[in-house]
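Here is a quick tour of one model, with an eye on its side chains. Have the structure open as you read.

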Amino acid sequence: VNFLLARLFYNDGLITIFALGGIYAKVSLGFTLKEVLILGIVLNVFAALGSFVFGLYEDKVGTRNVINISLVILIISTLLAFVAPWTNYPKEVFWIAGVLLGSMIGPNQSCSRSYMSQIIPTNKKNEFFGFYALTGKATSFLGPLLFGLITKLHSQQMALLSVVIFFILGWVIFNKSSFSKIFRWKN
């Protein structure tokens, strides 16, 4: 349940970036349509490379660790995209954020499926992957809706913080049992 809830949040963050990242680049950073298209291609290339590299890495460190790494890098890259307009080189900073983000999309999604298959009972795979699919679709409108509302009330840049919050909530919930062990151990 914790994993499905965590995935619900961090998947909504990814969906929001997929849906609105190009718009953010155009409006907040002045990207041209050509630059946005190139960004999309580069993100896909880095997603494939990230999947390959982290697929090998997953064999060594485990699926759970790769999910954690991907979430931390997604948080960092989204924060970089958030501060990009305030820097002296906004487009360059955003490109760095985009490459980092793109590199983690594939590992996050593939390791999430792998992790799900590892934690469910073998005889219940269909039911559990049904829940998995539901958590990926049922709330997929929340991130873009929240992004749109915050943009209307404040700015796209402030709306991008909602994506950071989705990733952070996903990471905290995903690690809830680890945090519980730490805090119980200290008591």
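## A buried asparagine

Asparagine 68 has a relative accessible area of 14%, so this residue counts as buried, the cut-off being under 20%. Bear in mind that we're looking at a predicted model.

Where does asparagine 68 sit? You'll find asparagine 68 in helix 3, which covers residues 63–83. Leaving aside residues up to four places away in sequence, asparagine 68 touches Trp171, Phe174 and Asn175.

## Rings that pair up

On to the aromatics. A ring pair comes down to the distance of the centres and the angle of the planes. With centres within 6.5 Å as the limit, the count is twelve aromatic pairs. One of them is phenylalanine 31 with phenylalanine 94, an edge-to-face pair with 5.5 Å centre to centre and 75° between the planes.

That pair ties together distant parts of the chain, as its two members are 63 residues apart. Phenylalanine 31 is in the loop between helix 1 (2–29) and helix 2 (33–61), while phenylalanine 94 belongs to helix 4 (residues 90–119). Are these two buried or exposed? Both phenylalanine 31 and phenylalanine 94 are buried.

## A ring cluster

Phe174, one of the contacts of asparagine 68, also turns up in a cluster: ring pairs link Phe174 with Phe3, Tyr115, Phe129 and Tyr132.

## Charges over rings

Arginine 7 lies over tyrosine 132, at 3.8 Å from the ring centre. Over the face of phenylalanine 31 you'll find lysine 91, at 5.5 Å from the ring centre.

Terms used: Residues are numbered from 1 along each chain as its sequence is written. This is a predicted model: local features need pLDDT of at least 70, side-chain atom pairs count only at pLDDT 80 or more; totals for chains, interfaces and linings use all residues. Side-chain values use heavy atoms; hydrogens and water are left out. Rings of Phe, Tyr and Trp (its six-membered ring) pair if their centres lie within 6.5 Å; planes under 30 degrees apart count as stacked, over 60 as edge-to-face and the rest as tilted. Helices (H or I, at least four residues) and strands (E, at least two) are DSSP runs, numbered from the N terminus. Buried means under 20% relative accessible area, exposed over 50%, partly exposed in between (1.4 Å probe, protein chains only). A charge sits over a ring if NZ of Lys or CZ of Arg is within 6 Å of the ring centre and within 35 degrees of the ring normal. Contact means heavy atoms within 4.5 Å.
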